Amino acid sequence: MSSRPRPAVADLADLSRGVRARERAVIARAITLVESRRPDHQKAARRLVQKLLPFTGTAIRVGITGAPGVGKSTTIDALGTFLTGKGHKVAVLAVDPSSARSGGSILADKTRMPRLGGDANAFVRPSPSSGTLGGVAAKTRESMLICEAAGYDVVLVETIGTGQSETMVADMTDFFMVLMLPGAGDELQGLKKGVVEIADMIAINKADRDYVKRAKVAAAEYRAALHILSPRSPSWSPPVMTYSALKGAGIAELWAAVLDHRERMTNNGELDARRREQQVKWMWAMLEDRVFARLRSDPALKAKLPRIEAAVAAGRMSPAVAVDEIAAALGV
């Protein structure tokens, strides 16, 4: 019984030209290629990203996180629309929770960002997390480079705000914004120290109607909390700002802070140093992915893993000896 033929990988020269021409359908196909798990697609994607690399690196990369319900999508919709109104080309990479069964995206970012979704100067791409650590799509970095090569000069990366996603997004962006709600009390208590330490800004949403006073009180408490922590950069003290994504109030001030940060980091060389460090972290992360891909795809190794796991679980084999056996099977 013959199997159905696999579709051929699109011509990389055509893909590259289409991306550079900012053809939205081609950009979407290029990102789909990058996200594919097929080995031939992965190989083609690596060649495509390498081909586009000279046209990347100039965009402003902003990571945005916050607990569910804080208004991340509404904020991005308001900020992105403000930026396109100023002449910017904005790409949004929004990492969604994934369906446990299919691995597909279960939220519709274009409906949660209605203005940006229909904006000719914006590109919104929902990417399923597909079980990757912290919910950050494994290929978000490559997708970001494709968007930059397409001429998008601002890239906003939204994370679902759980697990290790904050750290991972901070490690691929220039500016990391943490969104909070008014009423610091409980949120301040539950605020993860690690998230605050990597934040370049804390922005308190929903500072409107009856919440204006509560937002100001929360801002004061967050500022006090930040004073006892070491800032991410000696040249930048993370501001605490209030705004309303629903009304658009304070959005311009948020962006002004991003530009102020970029100017300072550029002038003192920290921006270049941070990006170089990120590139090296990216390399090691990709190597780890490749090793785990071997674990998942090598038939002989897959056959051994249940026995090894059972031996460790039963206490017959120490984890260290198990790792030695797996590493020997991988040839490392």
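Rings of Phe, Tyr and Trp (its six-membered ring) pair up if their centres lie within 6.5 Å; planes under 30 degrees apart count as stacked, over 60 as edge-to-face and the rest as tilted. By this rule the count here comes to 1 aromatic pair. This is a predicted model, where local features need pLDDT of at least 70 and side-chain atom pairs count only at pLDDT 80 or more, while totals for chains, interfaces and linings use all residues. Residues are numbered from 1 along each chain as its sequence is written, and side-chain values use heavy atoms, with hydrogens and water left out.

**View 1. Phe123 and Tyr152 form a tilted aromatic pair.** The ring centres sit 6.1 Å apart, with 40 degrees between the planes. Phe123 belongs to strand β3 (residues 122–128) and Tyr152 to the loop between α7 (140–149) and β4 (154–158), so the pair ties together parts that are 29 residues apart in sequence. (Helices, H or I of at least four residues, and strands, E of at least two, are DSSP runs numbered from the N terminus.) Both partners are tucked away: Phe123 is buried, at 5% relative accessible area, and Tyr152 is buried too, at 1%. Buried means under 20% relative accessible area, exposed over 50%, and partly exposed in between (1.4 Å probe, protein chains only).

**View 2. Two arginines sit over aromatic rings.** The charged end of Arg22 is over the ring of Tyr152, 5.7 Å from its centre. Arg20 lies over the face of Phe55, at 3.9 Å from the ring centre. For a charge to sit over a ring, NZ of Lys or CZ of Arg must be within 6 Å of the ring centre and within 35 degrees of the ring normal.

**View 3. Helix α7 is mostly covered.** Just after α7, Gly151 takes a positive phi of about 100 degrees.

**View 4. Helices α12 (residues 251–267) and α13 (residues 270–297) pack at about 85 degrees.** Their axes are 5 Å apart; axes are lines fitted to C-alpha atoms, for helices over the stretch in contact, and angles run from 0 to 180 degrees between N-to-C directions. That makes α12 roughly perpendicular to α13 (under 35 degrees is roughly parallel, over 145 roughly antiparallel, 65 to 115 roughly perpendicular, the rest oblique). His261, Arg262, Met265 and Thr266 in α12 meet Glu270, Leu271, Arg274 and Arg275 in α13, contact meaning heavy atoms within 4.5 Å.
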